[in-house]
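Dear colleague,

I am handing over the structure that you will find just below, together with the notes I made while going through it.

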Amino acid sequence: MDADVIVVGAGPAGLLLAGDLAEAGVAVTVLERRDAQANLTRAFAVHARTLEELDARGVADELLATGQRVGELRLFGRVKVGLSGLPSRFPFLLVTPQYETERVLLGRAERAGARIERGVEVTALRQDATGVEVDVRGPDRAESTRRAKYLVGSDGVHSTVRHALGEPFPGHSAVRSVMLADVRLSQAPPDVLTVDTGSDGFAFIAPFGDGWYRVIAWDRRNQRPDHDPMDLDQVRDIVRRVLGTDLGMHDARWMSRFHSDERQAPHYRVGRVFLAGDAAHVHSPAGGQGMNTSLQDAANLGWRLAAAVRGWASEDVLDGYEAERHPVGRAVLRGSGGLLRAALLGNPAARWVRNTVLNAVLKLGPVVSRVAGAVSGVGIRYSAPRGAHRLVGARAADVALAGDGPGRLYEALRGGRFVLVTSASGDASERHGWRGPVTTVTPARPLGADLLVRPDGYIAWAADAS
Ligand SMILES: Cc1cc2nc3c(=O)[nH]c(=O)nc-3n(C[C@H](O)[C@H](O)[C@H](O)COP(=O)(O)OP(=O)(O)OC[C@H]3O[C@@H](n4cnc5c(N)ncnc54)[C@H](O)[C@@H]3O)c2cc1C
């Protein structure tokens, strides 16, 4: 074996996963076909649940320092969802370029001992009862094979791993000719996030916090193929028609035109091979869910693979990845697709109805917390086995801890172990049944239940305190 786990692709999903596996003492190799880390700005929104996952890995503060916090999510014009009421340490959206997220995750993975091989492209794979073998083409175009116990395809939307498995990627194209530009503005936008729609299209502007802004625009009257040359005047023109001003945009450092698909692989696990991130699902950029969902896939998979390599996990634990993450991917596809279709409404009467109805329902407290929970990921909850305690599958809140050790649950989760939160003394391992290592902590205030929290911050087992 060349490694316990081979991860194909050093995007956000692959890097988070590699860090988790290496921290758990698993021999992990990442194969990445690019020579250097990408410096393109793709995703720019990091949501609260992702920040919590990064907090549980000790790198949230490093990422927070790179961006700007936004306390509300603007949907269309005046329609917005407040995030300040989120029951999280991070009740906001962090706007920062994707390459900063990748930089932070790469640093962590390397410090933990993950092996990252660049300029190495995976071209084919085979699996048998004991492992997975991949054919690779190296920097000098030399062909070789690598073998590991498990393999994860986090190799993006055109995933070679998914193709090699023969997995379909059913779905459809949602919107064509969306323009992206990173620009400077001579005039500050009226709001931190500016977004609106008109009969002609939509415009969205978000700050990176360092003087650069991301503009996303779509012009119903000017649809072109992805490869058509793009200039800033095309962006200025539609932004002016939708917002009434182009805010003096200039100096585009990067521009790109893309089309957005909505697709999902039917299976995230085929034997010893797993799909994570864009390799498993792709959807509209509305709501900024792509990178966040990908990172949370990786957080869900890492501890399972580590436990399988160490011999602590049954097949059920590995199957649990698809069982939990496939429904989340489907919900994200539906949610971001609905948001996109609402944004693309061309008819002024339909847009008026949309804004009026949304403005009314988003004044209702429970609706706001549901929408904020869904968009931020804080509301994600996994289903529990029949007969399980009502807390199993829920996201664990970041409770304060007593004693001289870590001050909060998410600090105690650093290191990738399960954490038992209990006020009772004595060994609870017979009750919760987890065979891997467990850190035991005491809550600062009684919780009314003992909780076994997984490394990805979800409750694996609970029992009412006696
Ligand atoms: C133009 C654009 C704008 C976007 N804007 C947003 C946004 O605003 N908000 C948002 O949340 N998301 C956005 N996304 C989506 C977001 O960038 C992705 O969801 C995210 O990058 C997925 O991470 P990943 O790790 O799954 O895959 P990727 O980031 O795609 O990483 C896959 C990696 O695998 C490597 N690879 C591929 N094939 C092989 C192979 N055969 N062998 C070895 N390595 C291989 C690639 O080089 C790449 O480094 C955008 C995407 C695009 C294209």
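This is a predicted model: local features need pLDDT of at least 70, side-chain atom pairs count only at pLDDT 80 or more; totals for chains, interfaces and linings use all residues.

Residues are numbered from 1 along each chain as its sequence is written, and side-chain values use heavy atoms, with hydrogens and water left out.

Sheets

Helices (H or I, at least four residues) and strands (E, at least two) are DSSP runs, numbered from the N terminus, and two strands are said to pair if DSSP finds at least two bridges between them.

Six strands make up an open sheet with antiparallel pairing, and their order is β13-β14-β15-β12-β16-β19. Its edge strands, each pairing on one side only, are β13 (194-198) and β19 (281-282). Within this sheet, β12 (residues 171-184) pairs with β15 (residues 213-219) in the antiparallel sense over six bridges, and Leu180 stands opposite Ile216 in β15.

Two bridges join β3 to the antiparallel strand β7 (residues 93-95), and the bridge partner of Val46 in β7 is Leu94.

Residues in helices

For what follows, contact means heavy atoms within 4.5 Å. Ala109, in helix α4 (residues 98-112), counts as buried because its relative accessibility is 0%. Leaving aside neighbours within four places in sequence, Ala109 is in contact with Leu15, Ala18, Gly19, Ala22 and Ala114. The C-alpha atoms of Ala109 and Glu23 are separated by 8.0 Å, although these residues are 86 residues apart along the chain.

Gly302 lies in helix α7 and also counts as buried, because its relative accessibility is 0%. Not counting residues up to four places away in sequence, Gly302 touches Leu17, Asp20 and Leu21. From Gly302 to Gly436 the separation is 134 residues in sequence and 14 Å in space, C-alpha to C-alpha.

Arg236 is part of helix α6 (residues 232-243). Its side chain reaches the backbone oxygen of Met249 at 3.1 Å, and, leaving aside neighbours within four places in sequence, Arg236 is in contact with Asp246, Met249 and His250.

Positive phi values

Two residues other than glycine may deserve a look when you check the backbone. Leu247, in the loop between α6 and β16 (250-264), has a positive phi near 55° and is buried, with a relative accessible area of 3%. Arg141, in the loop between β10 (132-137) and β11 (143-153), has a positive phi near 65°, and it counts as exposed because its relative accessibility is 59%.

The second largest pocket

Pockets were found on a 1 Å grid over the protein atoms alone: a pocket is an open set of points where a 1.4 Å probe fits, with protein on both sides within 12 Å along at least five of seven lines, and lining residues have an atom within 4 Å of a point. Grid points are joined across faces, edges and corners, and a volume is the space filled by probe spheres set on the points.

The second largest pocket has a volume of about 860 Å³. Of the 37 residues that line this pocket, the closest to its centre are Ala331, Gly335, Val371, Ala374 and Val375. Helices α7 (290-310), α8 (315-343) and α10 (365-376) each supply at least two residues of the lining, and α8 gives the most, with 13 residues.

Best regards

Technical notes
A polar contact is a pair of N or O atoms within 3.5 Å; within protein, one must be able to donate a hydrogen and the other to accept it, and residues adjacent in sequence count only if both atoms are side-chain atoms. Buried means under 20% relative accessible area, exposed over 50%, partly exposed in between (1.4 Å probe, protein chains only).
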